[in-house]
Amino acid sequence: MLEVSALRAGYGPVEILRGVSLDLAAGEIVALLGANGAGKTTFNGVLAGLLRARAGAVSFEGAALPAGDPKAALDAGIVLVPEGRHIFPNLTVRENLWLGGYRRGRANRGRNLERVLDTFPRLRERLGQRAGTMSGGEQQMVAIGRGLMAEPRLLILDEPSLGLSPLMVEEMFALIGRLNGQGLSILLVEQNVHLTLDIAHRGFVMENGRITAAGTAAALASDPELQRSYLGV
Amino acid sequence: MLNLTILWPAILNGVTTGALYALIALGLTLIYGVLHIINFAHGALLMVGLYAVYFLFRFLGLDPYVSLLVVPPAMFVLGYALQRGIISRAAHGRDENILLVTLGLSIVIENLALMLFSSDTQTVDTAYGFATVDVLGAFIPVPKAVAFAGAVVSALALWLFMARTDLGRAIRAVAKERKGARLVGIDVEHVYAMSFGIGVGVLGIAACLLLPSYYVTPQVGHGFILIAFTIVVLGGMGSFVGALIGGIIIGVVEAIGGLMLGESLGQIGIFAIFILILLFRPQGLLGQRG
């Protein structure tokens, strides 16, 4: 479904991604692991069209993805729930979700809103509340809900558990598993390696802008090198 | 000495003038809220609108209120084109540059007007220009009553537009969260230009409502931009309701100041308020801190 080859990208004179190749099949959860500053968020930015790649190619469902065009990425069905959430703090929960269907999924906005509210019953009680006044976990629900409103073919979740309470983290991973169970393909970027490899099918490890390890989640979880550097075993 | 028979008309006069001030300030606060810049060309663009109304009257015999159908849409297009064609191109993505570009624009526009139209004061003569209506014992000129009603209706329509339409929501979204807006497929450059266009279009409405009881010269915008800026600060930068309330307050303060201190000193109260607000409540009446 997603095929990324030899991707290079960066900001100004700084090169962050130094030839990243990654693939994802329909229906999979693929984990992208790595320390802070490895280039994971830059990678997502390129996929979502926020950032233009310098070299390499991204192909999605057999077609090349135009570079640096967030609308084209969205039209193709690539929906990014960014690190830091970037929801609209001054708008209500309902307005935030509604704007999720601003471009893609416009025809089914009402139906999609109901589905999102069924997925996140807590948001239904908070529809009129300003999103900026909610807790971190609720804001993350708004961010994911807003992403689901765009009827994603591929959902990219960037650090969805960051800053959440341990209980909310468990809930978040259970939710990601459920969404995948409904057939949604997910690229999961996380630092919580244990929980991520529990629910992912395959994983890639990024270090200094390069993929240094890849394989099934089970293989990665038992890789002695990885255990030493990431799993803290 | 200050009995109700002179105070009441002064207050009414202030409220009607204040509603127009508020309308002008609404455009300014909208542009500030979204683009995060003070549009220094606001006064000059109001002047352009006033001249448009004036020339439509003089050459085509179009009543200023009929011009409401023509001038605001034309001003919207002008504002959209200015933002997309000049301001955003010249700003290179930096807010402080936009400030200077709008300042430069205002100088260019004013001097063009001076060259083309001379500095003579122009007015329109309408049948209703000197008619009055009786409001609870006070007589107000009809154009001022119409201006008040028009300003209130326009402000309400603008508020509804911002609250209820997809574009209104997108404008508010871009104001606070540009990256999030890009991610849901909002064209941020388009929203900037729409906001600027709407802000300038509102000036077109203000021009149509203002000219029957006012005049136009190339420098007419100066007085308004200072007052509008004061209103925006008073109400809270970017706050809609704040601009409305601030406009009415400023109008009334000006009218009562004029009554007690004389026309030429009447505006002293406005700037006293401006200084007091900056000293004690810099976020404005309805603005949020930080």
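**Reading the terms against the values**

Mentor: In chain A there is an open sheet of 6 strands in the order S6-S7-S8-S3-S9-S10, with mixed pairing. This is a predicted model, in which local features need pLDDT of at least 70 and side-chain atom pairs count only at pLDDT 80 or more, whereas totals for chains, interfaces and linings use all residues. Residues are numbered from 1 along each chain as its sequence is written, while chains are lettered from A and ligands numbered from 1 in the order in which they are written.

Trainee: What makes S6 and S10 of chain A stand at the edges?
Mentor: Strand S6 (78-81) and strand S10 (210-216) of chain A each have a single partner strand, so one side of each lacks a neighbour in the sheet. Direction ignored, neighbouring strands of this sheet are turned by 15° against each other on average.

Trainee: How do you know that S3 and S9 of chain A pair?
Mentor: Two strands pair if DSSP finds at least two bridges between them; strand S3 (residues 29-33) and strand S9 (residues 202-207) of chain A are joined over 4 bridges, in the parallel sense. Leu33(A) stands opposite Val205(A) in S9(A).

Trainee: Which strands does helix H1 of chain A lie across?
Mentor: Helix H1 (residues 40-47) of chain A lies across S3, S6, strand S7 (154-158), strand S8 (185-190) and S9 of chain A, and runs at about 150° to S7(A). Helix H7 (residues 166-181) of chain A also packs on the sheet, where it touches S3, S7 and S8 of chain A, and its direction makes about 160° with that of S8(A).

Trainee: Why are H5(B) and H6(B) called roughly perpendicular?
Mentor: Helix H5 (residues 142-164) and helix H6 (residues 166-176) of chain B pack at an angle of about 80°, with their axes 5 Å apart. Angles under 35 degrees count as roughly parallel, over 145 as roughly antiparallel, 65 to 115 as roughly perpendicular and the rest as oblique, and the two helices are therefore roughly perpendicular to each other. Phe161(B), Met162(B), Ala163(B) and Arg164(B) in H5(B) meet Gly168(B), Ile171(B) and Arg172(B) in H6(B), contact being C-beta atoms, placed from the backbone, within 7 Å.

Trainee: How do you know that H2(B) is largely enclosed by the rest of the structure?
Mentor: A residue is buried if 20 or more other C-beta atoms lie within 10 Å of its own, exposed if 12 or fewer, and partly exposed in between; 15 of the 19 residues of H2(B) are buried, so the helix is largely enclosed. Helix H2 (residues 42-60) of chain B reaches 26 Å from its first C-alpha to its last, close to the 27 Å expected at 1.5 Å a residue, the expected span being 1.5 Å times one less than the number of residues.

Trainee: Does Glu159(A) count as buried or exposed?
Mentor: Glu159(A) has 22 C-beta neighbours inside 10 Å and so counts as buried. Glu159(A) is placed in the loop between S7 and H7 of chain A, and its phi is near 50°, a positive value in a residue other than glycine.

Trainee: What makes Ala6(A) partly exposed?
Mentor: Ala6(A) has 13 C-beta neighbours inside 10 Å and therefore counts as partly exposed. Ala6(A) is found in strand S1 (residues 2-11) of chain A, and its phi is near 50°, again positive in a residue other than glycine.

Terms used
Axes fitted to C-alpha atoms, helices over the stretch in contact; angles between N-to-C directions. Contact = placed C-beta atoms within 7 Å.
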